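Student: I would like a close look at a single part of this model, the surroundings of the ligand. Please go through the contacts there, then whatever else can be said about the aromatic side chains.

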Amino acid sequence: MRFLSTRDEHTSVSFREAVFRGLAPDGGLFHPATDLDLKSTFLELRPSVTFTEVARIMTAALFPEELSGEQIERIVSKAFPFRPELRRLTDGVHLLELFHGPSCAFKDYGASYLAAVMEEFLAGEDARAVILTATSGDTGSAVAQAFHGRRNIDVVVLYPSGRVSPLQEKQLTTLGGNIHALEVDGSFDDCQRMVKEAFLDEDLRAVMRLTSANSINLGRLIPQVFYYVYAFAKLKEHVPGELFFCVPSGNFGNLTAGVLAWKWGMPVTGFIAATNVNDVVPSYLETGVFSPRSSVRTLSNAMDVGNPSNFERLQAIFAGDVEAMRAMIAGEVVTDEETKETIAYFREKENVFLDPHTAAGVRAAQRFRARHDPQVDTIVTLGTAHPGKFGEIVEEATGARPEIPKRLARVLDLEKQATLIANEPESLKTYLLERFGGV
Ligand SMILES: *Cc1c(COP(=O)(O)O)cnc(C)c1O
């Protein structure tokens, strides 16, 4: 499989190149150059298939020229010591829980697969890489966890001092080893600006291989396709009518991955794009006009995105045809009020805690189902984060506090190790040269 930039239909790159480049040279995003037809593979999957098996089958189908069977085996077994759980939530609505990984959110899937893939590619050529990333909290911890202990890779993570939660800070700063936390005396925007400048710096590029691991990286998108296929295999014999997936969305990476599964032959009726009031994609579906704007703060803050970065990929998949996109994707907008109601309702009725992002998805699924055909539809809603990560909001809605999973709580007792630096590109450059310049 080769990949093209969303902005240039002529130069294709390998998976390896797409992974290390992150962004295409013209600023576009990489997307599959050709259509695959894996329908018969999907239909043959047994309901007892494991997640690792799905990951192996899919990786082999996608990259037969680039990865050997042995490499694929190493990648999927290292990447996925955790797996999704599919459970029935209520009539016709299932939850695909994607929060059983180290950072308790679905981003673990992408980060972990990317880390394993990069480690495998680097081992083959005896090279080292420095991953540079800025975080406002969650993404950085998924990346740090995923790359911890990987050979030939160092991770430098910048975070704004005093502006991440205490738990997030501990997640970033207590791993040690090849994970280096830089506490920046500034804002998240400063962190991002410093990272951007470092990538452009010729002095740095001359002495080290800098690479990114951010959410637009194709190596993070591909593994997100696997859990849709996994859910399909588990459910296909039990769905009486139509099958939908409902995806709580921000940057629309998760939804794009689902649409790719469909493009590659997975039988599914459609997708529901659930957003909070940051609703540029639902508005696009309604009006045909895409108008990005500044984001508004909500309870589901990982979905507070005013200019979703994966929209460009979605458009490429549908060749810019809004009608074609509408035929496959329905938009549903959920307010904070509805999110809280939904959290409270499911705690009371089903004794289940939902985090605010998953709750927005569940609300969207219920509304869609009521309007569509409640007799026959099955909707799988993606459970994107563990409710224990958002204990305060959940407690406010329900009066009870969900437990923080042990793997998260444990870091609270560990000692923070971070290097404080000023919010100037020069201080990051000095740090990088001192630390990695001699490699
Ligand atoms: C990142 C995130 C989302 C949004 O996912 P996208 O792929 O950016 O649309 C939803 N929920 C949680 C908990 C997240 O961390």
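**The ligand shell and the aromatic pairs**

Tutor: By class, the shell around the ligand has 6 nonpolar, 7 polar and 1 charged residues. This is a predicted model. The shell holds 14 residues, of which Lys107, Gly250, Asn251, Phe252 and Thr384 come nearest to the ligand.

An oxygen atom of the ligand is 2.7 Å from a polar backbone atom of glycine 250. An oxygen atom of the ligand also lies 3.0 Å from a polar backbone atom of asparagine 254. At threonine 384 the side chain takes part: one of its N or O atoms is 2.9 Å from a nitrogen atom of the ligand. Taken alone, the ligand exposes 380 Å², and the protein buries 95% of that.

Now the aromatic side chains. The count of aromatic pairs comes to 24. In one of them, the ring centres of phenylalanine 80 and tyrosine 109 are 6.0 Å apart with the planes at 35°, so the pair is tilted. Phenylalanine 80 lies in the loop between α4 (69–79) and β4 (85–90) and tyrosine 109 in helix α5 (residues 107–125), so this pair ties together parts that are 29 residues apart in sequence. Phenylalanine 80 is buried, with a relative accessible area of 5%, and tyrosine 109 is buried at 0%. Both residues belong to one aromatic cluster, which also includes Phe51, Phe82 and Tyr113.

Two arginines also meet rings. The charged end of arginine 209 sits over the ring of phenylalanine 20, 4.8 Å from its centre, and that of arginine 16 sits over the ring of phenylalanine 121, at 5.8 Å.

Definitions and conventions:
Residues numbered from 1 in each chain as written. Predicted model: local features only at pLDDT ≥ 70, side-chain atom pairs only at ≥ 80, totals over all residues. Heavy atoms only, no water. Near = heavy atom within 4 Å. Polar contact = N/O pair within 3.5 Å; in protein donor to acceptor, adjacent residues only side chain to side chain. Areas by Shrake-Rupley, 256 points an atom, 1.4 Å probe, with all protein chains shown as cover. Nonpolar A, V, L, I, M, F, W, Y, C, P; charged D, E, K, R; others polar. Phe/Tyr/Trp six-rings, centres within 6.5 Å; stacked < 30°, edge-to-face > 60°. Helix = DSSP H or I, 4+ residues; strand = E, 2+ residues; numbered from the N terminus. Buried < 20%, exposed > 50% of the residue type's maximum accessible area, 1.4 Å probe, protein only. Lys NZ or Arg CZ within 6 Å of the ring centre and 35° of its normal.
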